[in-house]
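Hi everyone, thanks for coming.

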Amino acid sequence: MYILKNAAKNLLRNKGRNMIIAFIMLSMLTFTSISMIINSTTNQVIENYKKQFGSEIYLTYDEEKIREQEQNGGWADIPEISDELKLMLADSDYLKETQIKVQYQACGVDLKSLGEDDGPADPNAPISYGDPPNLTVYGYNSPGLLTEFKTGKRKITSGKMFDQKNECVISEDFAKLNHLEVGDTIKIRSGMPDEDFPPLTLTICGVYFDFTESKEEYGPIYQPKNDILTTYDTMKDYQENVAKKRLYEVQTTYYLKSPELLEAFNQEAHKKGLHPSYKMATDEISYNRIVKPAESLAGVSQIFLIGVLMVGQLF
């Protein structure tokens, strides 16, 4: 009890000094907490951006390897990357995800496309062989590739987005032109005269309104409102089991589990058959534009925290 009374008297005798000390301690705790919160939040933002921008990789030319080949034996012979190799590279333990997109320029059976100038379609007259393509079928393996729906340039207005094989979505304008609605089936086939395999049959599961820029002057296959969107599995099954020949080119985007795995994946890809003139690369422009400022902010917050602690030691 004596000790507590004596301590209370000392506090009252040195009120001014003790108030200053209390203010300094409170300020230190406040600034330390703020610095730690900023540092923790910034590190989390950095990790999120690294996952988003640092893990997306592309196949690009290795300029150093190309120069070496030219110096040793003239012009470098750089082969195209086959669809088989692109899909083989997708089967890697280093990858978190592989986004696949294909496009098939073809003709609609008994279907009219926007931008055609040969008059209304006759529903009783099947399309003749040798006709030029008048629409484009896109196949996706991931909803992340449908960027127009994320940005609001396209919006489902009836039905739903495809999620099963042989389902598709079409634009409102295309649907109105051909008197189609959700639940109807459409048939797509090649217009080449020497191809007699059965047409691709799709069921319309959704209709979308299209805000994208019209490109009718380049022909109906470049008119976004003539796009038919479906799953990659649908197109893969049609090519391998029905057409039994190449109908499209595979476009792939790879995502690593961690940005640090880039070199390991690059080495694995070359072991699987990737030509030495190619290499894996990240989106450095987006990384430097977004991640670097966040890293700078994290450094400033750490310096601020160290400064606060050093000032506190003086008292």
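Let's begin with the cysteines. The structure holds zero disulfides, where a disulfide is counted as a pair of cysteine sulfur atoms within 2.5 Å. As a reminder, a disulfide is a covalent bond between the sulfur atoms of two cysteines. Cys168 is in no disulfide, and the nearest cysteine sulfur, that of Cys205, sits 6.5 Å away. Is Cys168 buried or exposed? Cys168 counts as buried, at 0% relative accessibility; here buried means under 20% relative accessible area, exposed means over 50%, and partly exposed is in between, using a 1.4 Å probe and protein chains only. Cys107 is buried as well, at 1%.

A word on where this comes from. This is a predicted model, in which local features need pLDDT of at least 70 and side-chain atom pairs count only at pLDDT 80 or more, while totals for chains, interfaces and linings use all residues. Residues are numbered from 1 along each chain as its sequence is written, and side-chain values use heavy atoms, with hydrogens and water left out.

Now the overall picture. The protein chain has nine helices and ten strands; these are DSSP runs numbered from the N terminus, with helices being H or I of at least four residues and strands being E of at least two. The chain has 315 residues, and 37% of them count as buried. If we take contacts between residues at least 6 apart in sequence, 77% join residues at least 24 apart, a contact being heavy atoms within 4.5 Å.

Next, please find helix α8, residues 262-271. Which residues of α8 are buried? They are Leu262, Phe265, Asn266 and Ala269. Looking down the axis of α8, these buried residues fall within an arc of 105°, so they line one face of the helix; the arc is that of the directions from the helix axis to the C-beta atoms. In general, an α-helix has 3.6 residues a turn, so residues three or four places apart point the same way. The partners that the buried residues of α8 pack against are β1 (56-61), α4 (83-90), β2 (95-108), β9 (251-256) and β10 (278-282). Just after α8, Gly273 takes a positive phi of about 125°.

On to the charged pairs. How many salt bridges does a search of the whole structure find? The search finds eight, a salt bridge being a side-chain nitrogen of Lys or Arg within 4 Å of a carboxyl oxygen of Asp or Glu.

One of them joins Arg246 and Asp83, with the closest N and O atoms 3.3 Å apart. That pair links distant parts of the chain: Arg246 is in the loop between α7 (232-243) and β9, Asp83 is in helix α4, and they are 163 residues apart. Arg246 counts as exposed at 54% relative accessibility, whereas Asp83 counts as buried at 9%.

Another joins Asp227 and Arg154, whose closest N and O atoms are 2.9 Å apart. Asp227 lies in strand β8 (residues 227-231) and Arg154 in strand β4 (residues 154-159), so the pair ties together parts that are 73 residues apart in sequence. Asp227 is buried at 8%, and Arg154 is buried at 5%. Arg154, Asp210 and Asp227 are linked in a network of salt bridges.

Finally, Asp163 forms a salt bridge with Lys160, at 3.1 Å between the closest N and O atoms. Lys160 counts as partly exposed, at 37% relative accessibility.
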